[in-house]
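I opened this notebook to keep a record of what I looked up in one structure. The entries follow the order of my reading.

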Amino acid sequence: MDKFFLTTPIYYVNARPHIGHVYTNIAADVLARYYRAKGREVLFSTGTDENSQKNVEAAEKAGKDVQGYVDEMAEEWKRIFTDLGFSFDTFIRTTAPEHVQAVQAFIERIDKAGDMYVGDYEGLYCVGCETFLKEDELVDGKCPIHKTVPQKITEKNYFFALSKYRQKLLDHFKDNPEFLQPSSARNKMLHYIEHEMEDVSISRQSQKWGIRLPQNDDHAVYVWFDALINYLTVTGFPDKKFEKFWPADLHLIGKDIIKFHCAIWPAMLLSAGLPLPKRVFAHGFFTVDGQKISKSLGNAIDPMTLAKEYPFDVIRYYVLRDIPFGNDGDFSHERLKERYNADLANGLGNLVSRTLNMIQQFGGDTFDADGAQLPAEVDATLSSVSAYIESLAFDKALESIWQAIAWADGLIEETKPWQLAKAGDTARVTGILQELYATLVAVNMHLAPFLPQTHEKLSAILSARPILKPPTPLFLRK
Ligand code: ME8
């Protein structure tokens with residue numbers, strides 16, 4: 001069976017998930033469900049990034065020991081992702097022994113390749129970003145993202161010879177135009193690789209928390225270096241079995257971490273003599289009601305609270321339909337409500353209840369669910385959905401499905417089956433009901449990866465004999 005390996009970033013556990021983190025997982029979940037339905041053997045991985053200084057600081061603030069804190073938080077993240085219905089196959093934690101083993105085996109490979117050396121490092125480190133910043137990146141002496149003054153660090157570090165891979169990376173980008181998407185991100189990345197990329201320090205001297213560097217256990221492995229390797233750990237690396245799923249078919253990330261995934265990670269893999277991921281897709285960033293998500297504004301939407309207000313399918317639908325994947329977007333409570341009412345409750349929900357009510361009223365003995373043929377117009381509209389999903393144009397895929405819904409609404413409005421039934425035109429009424437029914441079945445099939453709960457409910461209604469009337473409304477609030 002053909003495999004499909006897709007990943008989300010692994011998340012820092014210094015806070016609970018907000019809507020931005022959940023967004024990445026919604027998209028990954030749609031793809032995982034889609035490829036499973038296509039018969040691919042899917043490995044969908046997500047998890048937590050635990051060896052970060054941010055987590056140490058959060059543990060201190062909470063008055064807890066670090067291991068206890070990350071255990072608790074990782075459990076919480078996993079529970080939330082499970083409660084939201086994400087169909088991940090594996091949940092990796094970077095403090096797990098198998099990950100420590102994978103990181104150490106990987107580092108030994110790059111050392112053997114002659115790509116590690118010891119050097120003095122002096123730089124400005126932002127714990128928020130978990131990265132060194134250059135003077136000219138600062139605004140008023142502060143990190144522009146976290147608005148904090150970076151720490152001045154002077155230490156002996158182990159370095160990875162990243163710049164050695166400059167040309168190979170540029171060649172890879174040239175030979176694989178699909179490697180980084182959307183293509184708007186490519187130029188910036190190429191500029192970085194060509195003009196800015198330097199060797200990176202991959203260890204932290206005397207840092208207690210973190211994976212030990214195999215060459216010197218006074219050093220912790222730099223958290224990003226360890227985190228990227230999670231994608232190999234979940235395939236079973238360094239055991240040979242990792243070749244079944246590696247290379248990844250798709251790394252799904254936010255646009256904030258492109259550099260790590262499209263320069264450092266591929267160079268690490270080149271050094272270790274391993275194949276590169278086939279595709280990296282970077283989605284945009286959310287604001288909430290027009291404002292950047294931030295702790296101080298207190299506007300980080302808790303997905304579990306939101307999921308109490310709306311069925312989670314509604315949230316999945318809204319974020320994928322309203323914001324073209326790859327673009328920045330605004331999470332607006334107002335728009336969410338509008339989409340819910342217009343597209344789900346009134347659009348899909350109404351079509352289902354009108355159609356099934358009519359089947360019960362006028363279907364009689366002549367309606368034959370099994371003989372229902374999909375109208376050519378609907379077939380043509382829905383035939384584009386797969387290609388849209390595979391190119392991660394989720395908004396377009398949903399738009400096509402809703403075109404099919406609109407077509408069916410139009411058919412009802414135009415033909416007014418209740419009038420035909422009154423006039424005794426049974427054959428015509430049956431024909432229309434069968435077209436509507438076949439449209440609903442096809443719409444429901446295409447909705448499966450997007451709205452899994454709705455799909456399940458609707459499948460039960462449509463496959464029951466006699467066909468059941470849907471609960472009103474179909475999008476039951478929990
Ligand atoms: O960067 N809008 O973890 P992280 C959209 N541990 N997506 C958002 C978002 C927003 N406002 N905020 C976060 C890390 N995200 C590293 C990753 S991977 C080897 C290591 C999403 O907890 C987006 O996908 O800061 C982003 O890339 C991810 O959360 C980063 O989460």
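**Entry 1: basis.** I noted that this is a predicted model, in which local features need pLDDT of at least 70, side-chain atom pairs count only at pLDDT 80 or more, and totals for chains, interfaces and linings use all residues. Residues are numbered from 1 along each chain as its sequence is written, and side-chain values use heavy atoms, with hydrogens and water left out.

**Entry 2: the whole chain.** I found 18 helices and 16 strands in the chain. Both are DSSP runs numbered from the N terminus (helices: H or I, at least four residues; strands: E, at least two). The C-alpha trace spans about 90 × 45 × 40 Å along its principal axes. I also noted that 57% of the 478 residues count as buried; buried means under 20% relative accessible area, exposed over 50%, and partly exposed in between (1.4 Å probe, protein chains only).

**Entry 3: a sheet.** I looked up an open sheet of 3 strands, in the order S9-S11-S10, with antiparallel pairing. Strands S9 (203-205) and S10 (212-213) each have a single partner strand, so one side of each is left without a neighbour in the sheet. Two strands pair if DSSP finds at least two bridges between them. S9 is joined to S11 (residues 216-221) by 3 bridges, and Ser 203 stands opposite Val 221. S10 and S11 pair over 2 bridges, with Arg 212 opposite Ala 220.

**Entry 4: a charged patch.** Which residues gather in a patch of negative charge on the surface? I listed Glu 135, Asp 136, Glu 137, Glu 196 and Glu 198. Patch residues have over 30% relative accessible area and no salt bridge, and like charges are joined within 9 Å. A salt bridge is a side-chain nitrogen of Lys or Arg within 4 Å of a carboxyl oxygen of Asp or Glu. I located Glu 135 in the loop between strand S5 (131-133) and strand S6 (151-160). Glu 135 is exposed, with a relative accessible area of 61%.

**Entry 5: a helix.** I checked helix H11 (residues 312-322) and found 10 of its 11 residues buried, so H11 is largely enclosed by the rest of the structure. Among the buried residues of H11 are Phe 312, Asp 313, Arg 316, Tyr 317 and Arg 321.

How values were computed
Patch = residues over 30% accessible without salt bridge, like charges linked within 9 Å, V, L, I, M, F, W, Y side chains within 5 Å. Areas by Shrake-Rupley, 256 points an atom, 1.4 Å probe, with all protein chains shown as cover. Lys, Arg positive; Asp, Glu negative; His and termini not counted. Charge placed at Lys NZ, Arg CZ, Asp CG, Glu CD.
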